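Hello,

Here is the structure you are taking over. My notes on what was found in it follow below.

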Amino acid sequence: MSHYAGPLLTLTVAEAMRGARDAGAETWSGSLDLGRSCTDVHLQPDAWQWQGARYPYPAMLKDRTIYYWDGEEFAPVSRFSGSLIKLVPTVWGAPTFEIDGIKMLPTAKESPVEDARRKVALVEPRGKVVLDTCGGLGYFAACCLEAGVARIHSFEKNPDVLWLRTLNPWSPDPGAPASGGRLQLTHADVSVAIAQVADASVDALLHDPPRFGIAGELYSQAFYDQLARVLRRGGRLFHYTGSPNRLTSGRDVPREVAKRLEKAGFKAQLVLDGVLATRR
């Protein structure tokens, strides 16, 4: 799917644009791509112009929501197909996303892109072939491309997440010149598709699965055995686990993960909010 190139609005942006108009300004300068760039918008009493197109001032926008132009109106970047999934703005520019109100990426202390950059650095992707098991919004892939990865293959199971990626300017586009043909994005369940990945064919692994209660198969011994099979000896894996509260969950998920990875053939240690492991 091609990436959306139109304007993206939030409540803050729309209010700033209207405020400039009401103050008598003819031009407003700001971002229409969630902080990726700054642009000029020509203001008129009942509409605004940008890149040769004319748009109405939206009447009612909600906080914590991103809107795109669907050809007729500004619509929220959200879908409901069994679960409500939506792109959510952050103070950092790069958005997170939610499924049924549950935030999928950490954003409290830093940008989700910066968070991804620190984790990607652990597997040292420069010049390597990397497998990204659960692509999400693509921030791991974007950081790998930035770091000089030779090739990265990302899997994403949820079609609505893939749709969010086409509307998120922070998500890497496999077809864009900046990707250089190094990013392959596949719509598939990695727990099944990994069986088709050749033995010892990847140099590094990034595994950022949904929480255990949603996708237990991605924490299973059988899946970890597959990760060990496709990773060359000496290759690194970063496995995000989060930090579930042991008192409320009754489980120590990071240590359970490390123990299973050790059994699969890794040397594992707890790092950041996950597990860093090396294929023995």
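**Notes on the structure**

Thr96 in β10 is the bridge partner of Val88. That pair belongs to the antiparallel pairing of β9 with β10 (residues 96-99), which extends over 4 bridges. Please keep in mind throughout that this is a predicted model.

**Around β9**

β9 also pairs with strand β8 (residues 78-80), again in the antiparallel sense, over 3 bridges. Here Leu84 in β9 is the bridge partner of Phe80. The hairpin of β8 and β9 has 3 residues between the strands, and Gly82 takes a positive phi near 95° in that hairpin. As for burial, β9 (residues 84-88) is mostly covered, with 4 of its 5 residues buried.

**The open sheet**

There is an open sheet of 4 strands, in the order β2-β3-β4-β5, and its pairing is antiparallel. Its edges are β2 (27-30) and β5 (53-56); each has a single partner strand, so one side of each is left without a neighbour in the sheet. From one strand to the next, the twist averages 30°. Strands β3 (residues 39-43) and β4 (residues 47-50) run antiparallel and are joined by 2 bridges. Opposite His42 stands Gln49 in β4.

**Helix α2**

Which residues of helix α2 are buried? In this helix (residues 112-121), they are Pro112, Val113, Asp115, Ala116, Lys119 and Val120. They lie on the same side of α2, because they cover an arc of only 155° around the axis. The elements that these buried residues pack against are α3 (139-146), β15 (202-207) and β16 (231-240). At the N-terminal end, α2 is capped by Ser111, which has a side-chain oxygen 3.0 Å from the backbone nitrogen of Val113.

**β15 and its partners**

β15 is largely enclosed by the rest of the structure, because 6 of its 6 residues are buried. It pairs with two strands that are described here. Strand β12 (residues 129-132) runs parallel to β15 and is joined to it by 3 bridges; Leu131 has Leu205 in β15 as its bridge partner. β16 also runs parallel to β15, with 5 bridges joining them. In β16, Arg236 stands opposite Ala204.

Two residues in this region deserve a separate note.

Leu131, found in strand β12, counts as buried because its relative accessibility is 1%, the cut-off for buried being under 20%. Not counting residues up to four places away in sequence, Leu131 touches His153, Phe155, Ile194, Val202, Ala204, Leu205, Leu206 and Val230. Arg151 is 20 residues from Leu131 along the chain, and the C-alpha atoms of the two are separated by 8.7 Å.

His207 lies in strand β15. Is His207 buried or exposed? His207 is buried, since its relative accessible area is 0%. A polar atom of the His207 side chain lies 2.9 Å from the backbone oxygen of Leu218. Leaving aside neighbours within four places in sequence, the residues in contact with His207 are Thr133, Cys134, Leu218, Phe223, Tyr224, Leu227, Leu237, Phe238, His239 and Tyr240.

In soluble globular proteins, nonpolar side chains tend to be buried together. In this model, the largest nonpolar core has 38 residues, and those that touch the most other members are Val77, Phe97, Tyr139, Ile152, Leu164 and Leu206. Two or more residues come from each of β9, α2, α3, α4 (159-167), β15 and β16. Of these, α3 gives the most, with 6 residues.

Leaving aside neighbours within four places in sequence, Tyr139 is in contact with Ala94, Pro95, Leu105, Pro112, Val113, Ala116, Asn168, Trp170 and Ser171. Among these, Pro112, Val113 and Ala116 are buried residues of α2.

Regards

Methods:
Residues are numbered from 1 along each chain as its sequence is written. This is a predicted model: local features need pLDDT of at least 70, side-chain atom pairs count only at pLDDT 80 or more; totals for chains, interfaces and linings use all residues. Side-chain values use heavy atoms; hydrogens and water are left out. Buried means under 20% relative accessible area, exposed over 50%, partly exposed in between (1.4 Å probe, protein chains only). Two strands pair if DSSP finds at least two bridges between them. The arc is that of the directions from the helix axis to the C-beta atoms. Contact means heavy atoms within 4.5 Å. A polar contact is a pair of N or O atoms within 3.5 Å; within protein, one must be able to donate a hydrogen and the other to accept it, and residues adjacent in sequence count only if both atoms are side-chain atoms. Axes are lines fitted to C-alpha atoms, for helices over the stretch in contact, and angles run from 0 to 180 degrees between N-to-C directions. A nonpolar core is a set of buried Ala, Val, Leu, Ile, Met, Phe, Trp, Tyr and Cys residues joined through side-chain atoms within 4.5 Å.
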